[in-house]
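Dear colleague,

Please find below the structure that I am handing over to you.

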Amino acid sequence: MSTAIDVTTTVKVAAPKAAPAPKDEILVIAQKWKKKRGSLIMALHDLQGRLGFVPRESAMKLGRAMDVPLARIYEVVTFYNYFKLEAPGKYIISVCTGTACHIKGSGELLKGLEKELQVSEGQSTPDREYHLQGVRCLGCCGLAPLAAVNGKVYGKLNTSESHYLIERIQEDKPMVVAHEEAAAE
Amino acid sequence: MKPEELEIKAAAEKAKQQAFDVRLTCCSSTGCQSSGAAQIITNLKAELKAKQLDTKVQVTGTGCMGLCSKGPLIRMTAKNQKDVLFSDIKPETAVTVVDEVVAPIVGGATIERPTGALETHFLDLDEPFFAMQDRVVLENNGRSDPEKLEEYLAHGGYQGLRRALTMSAEEICKELLDSGLRGRGGAGFPTGLKWDLTRKVQSDVKYVICNGDEGDPGAFMDRSVLEGDPHAVIEGMLIAARAMNATNGIFYIRAEYPLAVERIEKALRQARTAGLVGKNVLDSGWGFDFEVRLGAGAFVCGEETALIASVEGKRGTPRPRPPFPAVKGLWNQPTCVNNVETLANVSRILLRGAAWFASKGTEKSKGTKVFALTGKIKNNGLVEVPMGITLRQIVETIGGGTGTERKIKAIQTGGPSGGMIPEHQFDTPVSYEHLQQLGSMMGSGGLIVIDDKDSVIELARFYLDFCVDESCGKCAPCRIGGTQILKMLDRIEDGTGTLEDVRKIRKVAKAMQKASLCALGQTAPNPILSALKHFESEFTERLQPVATAKA
């Protein structure tokens, strides 16, 4: 199962403040972390925060700038679920597969979305609009079952509601509205 | 900041809050944020301003109040009346809260039980869900704004640190030992003892690490504490550092918890500005500072040696102990890793004293425990209960049962490392020893309820699959053993398993428990073993008759 998590974009460790001139992003990241011991994972968080994933060229460049062998970088990137090696879609739909969600039917929700988007879990749609993945617990178990879309949590989903979820994502509206509309119909 | 200033600031903040007739605190944790908490706060403020009530009514965010399934929640504190809680508030309902309750109260009315549109949103704080809890770690959740240092100070914040600064390292360790506090990450090692071991190791550099890598799927205690009371954890870290003469502090937090990271970073900035963290802590001449490091999605990093490897920027794989981190940890220096909830408890213990803490709980398990109550349960959410309370009280009285016509079949505590406890054993008191006797464990606080429709084989398979996926692969018993049990379990599930499979599962499980390098492998067979112990018939029903299997 792909367990990369999409909330990267909202983690605010990145953003080296106001680089003087538009410098190369990767060099800025390397500069920021190079002198701090054991900071490779933090540098990779920054990198993925900017680019959405860790492209091979960028990893090579970061390695050279930080004086870390490429093998070490890949060792880390492939070990941790959070890091992605391929570009994800525009909307990353992460269905929580933690225990609470599992018991409340996250499996069915995932299947529904697979059918709706016509992709398998861990894949992106051919137009790169959507990326569907099952992820580890997002820590909002009170709202199970849930999914996060680009870091935004959609909770208390109905396992048969995948259709609504896609619509809400497109309109950038909260899921609550969908519940009401469904009740009205 | 000088120590005396703590009181001055606290008094100023209290006076400020008391100047308002009504105070509305709206949950602003991840769960409620996703249901529009920020918009609710904005709407409340706008409506109050429009009605010219903004000088009489204060609106702030607050930490998780527990009943996540009914969120977003708003707590109303008003003069001369009981606190009231409103549930399921939507951004649009915010206006109604102002119109129907807040405005009349400012006008002099007393409304302890609203009627009209808000009647269905009303939650009585005398209900068992709230009344039976004992909030120590979560005491500020619901009443103070986690993003404001002054609000933490108003509730005695950093007074525990102030006291610790007047004590010797040895005295602080003794205080913790006397309190009886045990590690809340799950294993339950006495915190005072752990600190004392680290204290005794001589070294110029020593690290204290806060383990905020809450990996148990189905648990969110640590997230709620980090988000709801970040200063309490920082204060606990400072006290820990003082007790061990540590030199550097590190917060290791899951990257999947962006809001928790944000709150801790913000709290650290505030504490630095106020002189509570940095070169001269509370004008004592002692300096201490922190770094924040993010996890990257690996369950095994909850294990302390794996966590340390991850902080060093490496793959998070555990290593054999001894040497224990207390002797050789981060960068080969003495290191002490503490869980978030443990550290939050530390602040309260130093504030109120060891005897106060030791008066709660059972003989060997003191204090309270925070549980994330989820699964097939009516009152889904976060609860803090005194140790010694029975499982039945948690599940049935506080949790309200399944809330459907189905019956509760079992609970699982301790997540993937714990075990299932069948309904007939629910009268067991909650303590480290009792839960272990039942073949489960306290764990970090996940408590999942399953009903009579759910399959224990399926749940055991879910947890095992998780452990197999999360195994770092370094040691053979965990890497190979887990996969083998999973295969046998799959056979049993699809009806092709035999009695031999059950026998082998037990055998492999024993090998994993004895020979795995770290707790992940050692405890991975627990769910399946407990399922076999309590629900063996569910397995045997699905087995092939021996004769057929042989043929």
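Helices (H or I, at least four residues) and strands (E, at least two) are DSSP runs, numbered from the N terminus. Covering is judged by contact, that is, C-beta atoms, placed from the backbone, within 7 Å of each other.

This is a predicted model, in which local features need pLDDT of at least 70 and side-chain atom pairs count only at pLDDT 80 or more, while totals for chains, interfaces and linings use all residues. Residues are numbered from 1 along each chain as its sequence is written, and chains are lettered from A and ligands numbered from 1 in the order in which they are written.

H16 spans residues 391-398 of chain B, and its buried residues are Leu391(B), Ile394(B), Val395(B) and Ile398(B). They line one face of the helix, because they fall within an arc of 120° when seen down the axis of H16(B). The arc is that of the directions from the helix axis to the C-beta atoms. A residue is called buried if 20 or more other C-beta atoms lie within 10 Å of its own, exposed if 12 or fewer, and partly exposed in between. After H16(B) comes Gly400(B), with a positive phi near 75°.

**Two sheets in chain B**

One open sheet of chain B has five strands in the order S11-S10-S14-S12-S13, with mixed pairing. Two strands pair if DSSP finds at least two bridges between them. S11 and S13 of chain B are the edge strands, each pairing on one side only. From one strand to the next, the twist averages 30°. Within this sheet, S12(B) and S14(B) are antiparallel and share five bridges; Gln412(B) stands opposite Ile448(B) in S14(B).

Another open sheet of five strands runs S2-S1-S3-S4-S5 in chain B, also with mixed pairing. Strand S2 (57-62) and strand S5 (122-123) of chain B are at its edges with a single partner strand each, so one side of each has no neighbour in the sheet. S1(B) and S2(B) pair in the parallel sense over six bridges, and Thr25(B) has Thr60(B) in S2(B) as its bridge partner. Helix H3 (residues 37-50) of chain B packs on this sheet by touching S1 and S2 of chain B, and its direction makes about 175° with that of S2(B). Such angles run from 0 to 180 degrees between N-to-C directions, with axes fitted to C-alpha atoms, for helices over the stretch in contact.

Cys26(B) belongs to strand S1 (residues 22-27) of chain B. Cys26(B) is buried, since 25 other C-beta atoms lie within 10 Å. Leaving aside residues up to four places away in sequence, its contacts include Ala37(B), Ile41(B), Gly61(B) and Pro72(B).

**Chain A and the interface**

Chain A has eight helices and four strands, and 46% of its 185 residues count as buried.

Where the chains meet, 43 residues of chain B are in contact with 41 residues of chain A. The side of chain B that touches chain A consists of 15 nonpolar, 16 polar and 12 charged residues. Here Ala, Val, Leu, Ile, Met, Phe, Trp, Tyr, Cys and Pro count as nonpolar, Asp, Glu, Lys and Arg as charged, and the others, Gly among them, as polar.

With kind regards

Note on methods:
Two residues are in contact if their C-beta atoms, placed from the backbone, lie within 7 Å.
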